[in-house]
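Dear colleague,

Please find below the structure for your review. My notes on what was found in it follow directly after.

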Amino acid sequence: MIKIDTPGVDIDKIKDCIQQEVAQYKAAGKEKSFEPGPDFESSLPPFDDTLDLLLTIDGCVDKEQLMQFHGEEFINKAYMLILRREPDDQGKAIYLDKLHNGVLTKIEVLGRLRYSIEGRIKQVKINNLLLPFLLKTAFKIPVLGRGLRIISAIINLPVILQSIQRIENTAIARYELMDKRDRITQERISRLDREIERLDSDITRSRCELKADLLKRIKENKIAIVDLQRRLQIRLEEAEKGQKESDHRPVSSNMPPASGNDNAWGPLYDAMYLNFEERFRGPEEEIKDRVRVYLPYVQQACEHTGDALVLDVGCGRGEWLELLKENNITARGLDLNDVMVNKCRDAGLEVVRSDAVAYLRGIESESLGIITGFHIVEHLPFTTMVALFDEAFRVLKPGGIVIFETPNPENIMVGACTFYTDPSHTNPIPPATLFFLVEDRGFVNIEILRLHPNESFRVEDPLLNYYFTIGQDYAVIGCKE
């Protein structure tokens with residue numbers, strides 16, 4: 001390794017050595033250059049490309065270029081250029097430590113390598129090294145070195161200021177470059193954020209469109225299935241009717257047939273049921289006032305369907321038809337009771353005597369605007385009720401509605417007693433059941449209205465009071481899209 005002894009540097013000895021080398025150069029006629037022998041060249045390790053760049057045209061080491069390196073890289077290149085070998089571990093460690101701690105400068109490291117015994121043997125030329133090295137070495141002489149440093153600082157003050165200005169300009173330029181790159185990066189990030197938002201929006205829109213399309217297809221398939229079921233039911237009924245006609249007919253009797261689709265009892269039953277309604281249904285004006293709640297629904301549906309016809313199934317005494325007529329809404333009633341049909345006609349109302357399902361099957365699809373039925377579904381067998389809903393869906397225009405009102409079995413008095421006052425009722429229908437049936441047959445935006453609470457009855461227990469006073473009737477309202 002190179003022997004380093006900073007406090008004991010003998011400047012005179014270094015000068016003598018340098019003067020001897022200069023004398024040798026002059027004596028050999030090689031004052032301007034040193035040409036090493038063949039053996040010297042063959043002993044040198046090969047240079048890499050970066051080392052070649054540190055040599056000037058005349059073969060001298062470019063000190064200023066070498067000073068651009070730092071730390072371990074600086075030590076490695078200094079050893080390779082000056083001593084023509086890799087640095088030993090101990091020498092590298094000592095120089096690195098002294099460089100990092102500020103004990104030595106790069107000039108001093110180069111000078112110590114060049115003017116060491118090994119360096120003098122290699123005789124590598126380094127431009128402008130001797131004077132700076134001697135000056136840096138002299139700075140370490142006690143007392144004298146302090147004065148020399150002050151004088152050197154004063155002399156080099158313009159250079160120092162220029163270096164500071166250069167460093168400042170370099171720092172500003174680098175800051176501006178970094179700021180520009182930061183702005184470019186931020187702009188790219190913003191563009192990426194916008195692109196991500198656009199992609200997210202596109203994905204969300206596509207997902208919504210796909211969901212809407214799937215729901216539409218599901219709805220269309222459901223409607224198609226309901227229509228197929230309706231057609232199949234008609235074919236089954238026709239086949240059953242044909243089978244009955246071919247069977248042996250029983251002897252006639254005075255008992256009415258089991259089917260509820262025909263007026264089985266004749267005029268006697270019709271007149272009796274009218275008297276029954278007069279006693280238990282309530283006065284016509286009261287019923288007319290009760291059904292007034294449905295007018296806004298009908299008027300809105302008329303706007304959507306172009307004032308299409310309102311068909312009231314089981315119109316009875318015609319209270320609802322009269323109310324519609326008073327509000328300039330075209331309506332037609334259906335009923336099987338001859339007495340009630342004649343009563344309505346005498347009042348100037350348009351009423352047809354017909355079974356509801358049979359009548360609906362005989363008219364065109366999408367030809368009606370609204371279908372209503374007040375206290376009719378509880379009289380129908382389940383299959384007939386489903387057939388009624390299917391045909392109603394078929395004949396309604398888009399935007400049309402159905403309104404079916406029935407006694408509410410949620411009310412304890414209705415479910416336990418008053419529902420069975422009418423012997424022609426089949427079974428009470430809970431609101432959830434009727435809601436499901438209307439929805440299952442294709443209607444949407446279904447609403448339940450609970451009406452006519454029993455305000456004359458009060459029970460102390462809140463829960464019992466709720467079920468005794470809840471609306472005695474309810475209606476299910478559904479729309480066809």
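A salt bridge is taken here as a side-chain nitrogen of Lys or Arg within 4 Å of a carboxyl oxygen of Asp or Glu. Please note that the model is a predicted one.

Under that criterion, aspartate 440 and arginine 441 form a salt bridge, with their closest N and O atoms 2.8 Å apart. Aspartate 440 is partly exposed, at 25% relative accessibility, whereas arginine 441 is buried, at 7%. Shared partners also join Glu195, Arg198, Asp202 and Arg205 into one network of salt bridges. The whole structure contains 25 salt bridges.

Two further pairs may be of interest. In the first, glutamate 286 meets arginine 290 at 3.1 Å, N to O. These residues are four apart in helix H13 (residues 284-290), which means that about one helical turn separates them. In the second, arginine 450 pairs with glutamate 410, the closest N and O atoms lying 2.7 Å apart. This pair links distant parts of the chain, 40 residues apart: arginine 450 belongs to strand S6 (residues 444-451), and glutamate 410 to the loop between strand S5 (396-407) and H19. Arginine 450 is partly exposed, with a relative accessible area of 41%; glutamate 410 is also partly exposed, at 26%.

Finally, I turn to helix H21 (residues 462-469), where Asn465, Phe468 and Thr469 are buried. Viewed down the axis of H21, the buried residues fall within an arc of 85°, so they line one face of the helix. Helix H19 (412-416) is included in what covers them.

Yours sincerely

Technical notes. Residues numbered from 1 in each chain as written. Predicted model: local features only at pLDDT ≥ 70, side-chain atom pairs only at ≥ 80, totals over all residues. Heavy atoms only, no water. Buried < 20%, exposed > 50% of the residue type's maximum accessible area, 1.4 Å probe, protein only. Helix = DSSP H or I, 4+ residues; strand = E, 2+ residues; numbered from the N terminus. Arc of directions from axis to C-beta. Contact = heavy atoms within 4.5 Å.
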